[in-house]
Amino acid sequence: MRRKFYCKNSVAFVFLLVFFCCISVLIISMLKVPDVDTGNGAMSIYDDTPLKSSGNDKSVGTFGNMMIDMLPEDLAFTVFVPSETAFERDLRLSANDSLVEEKINDTYVVISRVLGFSAIPRVLDTATVPISGEEVSYDSLSGFELFVSKYAGGVLVVNGVKSESVDIKRGKLVVHVMDGVIMDAEFEQSIQPDFDGDD
């Protein structure tokens, strides 16, 4: 009879210990702990400055801003955003037609898929890419391999797509506007128009 009492107490003790640990973790996670400032400028590349860009800045555009808004603001990413012309030419998305209520969900699906192919979870500006055409490889968010190279004048080429504008800073994000869409062959095939030949 004494053994049952001991067994019940140990189960109750473990239950209470787990309960208080979970409550402690919950309380600590709800507290907003401020970021630690090292004071030595070691994190200066991640400053929260508003939009700054190089002299050849072109607009990121409506769809580019939609892509950027899908990323968390407090983490460092580099995004190779297609230009508005590239969105229209390669993906058949236009700001007038694709943002209507009937098509907005499809537009978000396409843009989020493009974001997975064209964003890397690190800061990559033109200063960190070696010049001379040597390719540097990075994995995108979706695991798609990106081959980045830099040519004279600071032009970046990513998987054969040239940049129109580089080093646009949006908080911790670095945005490069590209003259094309970075995507894998399967996605490229899925967005191609269907031709029946029975017109």
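The questions and answers below concern a predicted model, and they move from its sheet to its cores, salt bridges and aromatic pairs.

User: In what order do the seven strands of the open sheet stand?
Analyst: The seven strands form an open sheet whose pairing is mixed. The order of the strands across the open sheet is β2-β1-β7-β6-β5-β4-β3.

User: Which strands stand at the edges, each with a single partner strand?
Analyst: The order of the open sheet runs β2-β1-β7-β6-β5-β4-β3. A strand with a single partner has one side left without a neighbour in the sheet, and so the edges are held by β2 and β3.

User: Which residue in β4 is the bridge partner of S137?
Analyst: Strand β3 is joined to β4 (residues 145-151) by four bridges, and the two strands run antiparallel. Within this pairing, the residue of β4 that partners S137 is F147.

User: Which residue takes a positive phi in the hairpin of β3 and β4?
Analyst: The hairpin of β3 and β4 has five residues between the strands, and the strands themselves run antiparallel. The residue with a positive phi in this hairpin, near 90 degrees, is G143.

User: Which element gives the most residues to the largest nonpolar core?
Analyst: The largest nonpolar core has 26 residues, of which M67 and L91 touch the most other members. The elements that give two or more residues to this core are α2 (61-69), β1 (77-82), α3 (84-91), α5 (104-118) and β7 (173-178). Apart from this core lies another of 14 residues, among them L146, V148, L156 and V161.

User: Which residues are linked in a network of salt bridges?
Analyst: The side chain of R89 forms a salt bridge with D90, where the closest N and O atoms are 3.0 Å apart, and R89 also meets D179 in a salt bridge at 3.5 Å, N to O. R89 lies in helix α3 and D179 in the loop between β7 and α6 (185-191), so this pair ties together parts that are 90 residues apart in sequence. The residues linked in the network are R89, D90 and D179.

User: Is D179 buried or partly exposed?
Analyst: Residues under 20% relative accessible area count as buried and those over 50% as exposed, with partly exposed in between. D179 has a relative accessible area of 37%, so D179 is partly exposed.

User: How many residues apart are K169 and D125?
Analyst: K169 forms a salt bridge with D125, with the closest N and O atoms 3.9 Å apart, and both K169 and D125 are buried. The pair links distant parts of the chain, as K169 belongs to strand β6 (residues 161-170) and D125 to the loop between β2 (119-120) and β3 (136-139). Their separation is 44 residues.

User: Why is the pair of F15 and F19 stacked?
Analyst: Both F15 and F19 lie in helix α1 (residues 2-30), four residues apart, which is about one turn of the helix. Planes under 30 degrees apart count as stacked. The ring centres of F15 and F19 are 6.4 Å apart, and the pair is stacked because the angle between the planes is 20 degrees.

User: Which residues do ring pairs link into a cluster?
Analyst: The structure holds four aromatic pairs. At 56% relative accessibility F15 counts as exposed, while F19, at 41%, counts as partly exposed. F19 and F20 form an edge-to-face pair, 5.5 Å centre to centre and with 70 degrees between the planes. The residues that ring pairs link into a cluster are F15, F19 and F20.

Definitions and conventions: Residues numbered from 1 in each chain as written. Predicted model: local features only at pLDDT ≥ 70, side-chain atom pairs only at ≥ 80, totals over all residues. Heavy atoms only, no water. Core = buried A, V, L, I, M, F, W, Y, C linked by side-chain atoms within 4.5 Å. Buried < 20%, exposed > 50% of the residue type's maximum accessible area, 1.4 Å probe, protein only. Salt bridge = Lys/Arg side-chain N within 4 Å of Asp/Glu carboxyl O. Pairing = 2+ DSSP bridges. Phe/Tyr/Trp six-rings, centres within 6.5 Å; stacked < 30°, edge-to-face > 60°.
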